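Thanks for coming. Please look at the model on the screen while I talk through a few strands and charged pairs.

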Amino acid sequence: MQREIANPFPDRRCFFCGADNPQGLGLRFFHDDATGEISTQYVPEERFVGQGDIMHGAIQMGLLDELMGWACVVHTGEMAVTADLRCRFLRPLRIAGKPVRAVCRVTGRQGPKVHMTAALTDAGGAVCMRATGTYHVLSPERYAALVQGKASGAG
């Protein structure tokens, strides 16, 4: 069963998930209790075209980065930041007025480091991009200081 995840982030201005960002994507995220996967869907907009009718690669990477951040919070119950994100573009993701789907799975944890894999598929189910990521869990105090601009260096 899939259930929607409540937004855990205190700042609602995030470009990808912020409800208070009128230029943002307003993504919603879901947890599949059976598989443990976190997912989101999005209909790519013309404003994010790269070349031709292909969705810009930076937006594709951002979708998976955001998804992995949410997966990390669901898995650990703690806030985390991107430590490493590696993407592999497999085929063009076309802006075609149909939803694309992003899915993430946590693959392991070593101390404060959480490891994940993710994929971005087109409306037909073809995998257009795969990514692996490592996210660094922060203490609530460290996260608050980072968001408020008072932090320096890695947590």
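Start with Glu-4, which is partly exposed at a relative accessible area of 42%. As for the terms, buried means under 20% relative accessible area, exposed means over 50%, and partly exposed lies in between, with a 1.4 Å probe and protein chains only.

Before I go on: this is a predicted model, where local features need pLDDT of at least 70, side-chain atom pairs count only at pLDDT 80 or more, and totals for chains, interfaces and linings use all residues. Residues are numbered from 1 along each chain as its sequence is written, and side-chain values use heavy atoms, with hydrogens and water left out.

Which residue does Glu-4 form a salt bridge with? The partner is Arg-28, and the closest N and O atoms are 3.0 Å apart. This pair links distant parts of the chain, since Glu-4 sits in strand E1 and Arg-28 in the loop between E1 and E2, 24 residues apart. Arg-28 is partly exposed too, at 47% relative accessibility. By salt bridge I mean a side-chain nitrogen of Lys or Arg within 4 Å of a carboxyl oxygen of Asp or Glu.

How many salt bridges does the structure hold? There are nine. Another one joins the side chains of Asp-33 and Arg-3, at 3.2 Å from N to O. Here again distant parts of the chain are linked: Arg-3 is in strand E1 (residues 2–4), Asp-33 is in the loop between strand E2 (30–32) and E3, and they are 30 residues apart. Asp-33 is partly exposed at 40% relative accessibility, and Arg-3 is partly exposed at 39%.

One more pair is Arg-86 with Asp-84, whose closest N and O atoms are 2.8 Å apart. Arg-86 counts as exposed, at 55% relative accessibility, whereas Asp-84 is partly exposed at 27%. As a general point, side chains of opposite charge can pair when their charged atoms come close.

Now the strands. Two strands pair if DSSP finds at least two bridges between them. Strand E3 (residues 38–42) runs antiparallel to strand E5 (residues 100–110), and five bridges join them. Within that pairing, Ile-38 has Cys-104 of E5 as its bridge partner.

E5 also pairs with strand E6 (residues 113–121), in the antiparallel sense, over nine bridges. Ala-102 stands opposite Leu-120 in E6. The hairpin of E5 and E6 has two residues between the strands, and Gly-111 there takes a positive phi near 60°.

Terms used. Helix = DSSP H or I, 4+ residues; strand = E, 2+ residues; numbered from the N terminus.
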